[in-house]
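Reader: Hey, I've got a structure open and I'd like to walk through it with you. Can you take my questions as they come?

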Amino acid sequence: MADLSSKVRMYVGTEIKFGVDVLIQNDGQGDYIKEWNLDTAQPTQAQLDALETQADDYEFNLGQIAKRKAEYGTAESQMENIIENGLEAEQTRIQSIKDKYPKR
């Protein structure tokens, strides 16, 4: 189940500042929107629920991107691989990492 913050991101469609634009709070009974400081109308629960799949995919993809970055290595190590083994070898290595951690 996706976080409320992810659903809000999907609803708004642009980057937002939580704690400024939108304040999410949890008083022990689950997350809810305490403050909405955007020009866009605050979403209803039904609108947020309709974004569950998109928000799940968003969260999944964030995890996959983090795994990819960890395996890519530093820019320096990538450049070293290109210099030592050629651009095609690095492209093949990167593609194998992308295949290992596909996004939705």
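Reader: How many salt bridges does a search of the whole structure find?
Author: The search finds four salt bridges. A salt bridge here is a side-chain nitrogen of Lys or Arg within 4 Å of a carboxyl oxygen of Asp or Glu. Before we go on, this is a predicted model, where local features need pLDDT of at least 70, side-chain atom pairs count only at pLDDT 80 or more, and totals for chains, interfaces and linings use all residues. Residues are numbered from 1 along each chain as its sequence is written, and side-chain values use heavy atoms, with hydrogens and water left out.

Reader: OK, what does Lys 7 meet in a salt bridge?
Author: Its partner is Glu 52, at 2.8 Å from N to O. The pair links distant parts of the chain, with Lys 7 in helix 1 (residues 4-12) and Glu 52 in helix 3 (residues 52-72), 45 residues apart. Helices (H or I, at least four residues) and strands (E, at least two) are DSSP runs, numbered from the N terminus.

Reader: And is Lys 7 buried or exposed?
Author: Lys 7 counts as buried, at 5% relative accessibility. Buried means under 20% relative accessible area, exposed means over 50%, and partly exposed is in between (1.4 Å probe, protein chains only).

Reader: What does Lys 100 form a salt bridge with?
Author: With Glu 71, and the closest N and O atoms are 2.9 Å apart. Lys 100 is in helix 5 (residues 87-100) and Glu 71 is in helix 3, so this pair ties together parts that are 29 residues apart in sequence. Glu 71 is partly exposed, with a relative accessible area of 31%.

Reader: Which residue does Arg 93 form a salt bridge with?
Author: That would be Glu 90, again with 2.9 Å between the closest N and O atoms. Both residues lie in helix 5, three residues apart, which is about one turn of the helix. Arg 93 is partly exposed at 25% relative accessible area, whereas Glu 90 counts as buried at 4%.

Reader: Switching topic: how many aromatic pairs does the search find?
Author: It finds one aromatic pair. Tyr 11 and Trp 36 form it, edge-to-face, at 6.2 Å centre to centre with 65° between the planes. Rings of Phe, Tyr and Trp (its six-membered ring) pair if their centres lie within 6.5 Å; planes under 30 degrees apart count as stacked, over 60 as edge-to-face and the rest as tilted.

Reader: Where do those two, Tyr 11 and Trp 36, lie?
Author: Tyr 11 is in helix 1 and Trp 36 is in strand 2, so the pair ties together parts that are 25 residues apart in sequence. Tyr 11 counts as partly exposed at 22% relative accessibility, while Trp 36 is buried at 14%.

Reader: You mentioned strand 2. How does it pair with strand 1?
Author: Strand 1 (residues 22-26) and strand 2 (residues 31-36) pair in the antiparallel sense over five bridges. Two strands pair if DSSP finds at least two bridges between them.

Reader: What is Leu 48 in contact with?
Author: Leaving aside neighbours within four places in sequence, Leu 48 is in contact with Leu 4, Lys 7, Val 8, Ile 33 and Pro 43. Contact means heavy atoms within 4.5 Å. Leu 48 lies in helix 2 (residues 45-50) and is buried, with a relative accessible area of 3%.

Reader: Back to helix 1: what do its buried residues pack against?
Author: They pack against strand 1, strand 2, helix 2 and helix 3. The buried residues in helix 1 are Leu 4, Ser 5, Ser 6, Lys 7, Val 8 and Val 12.
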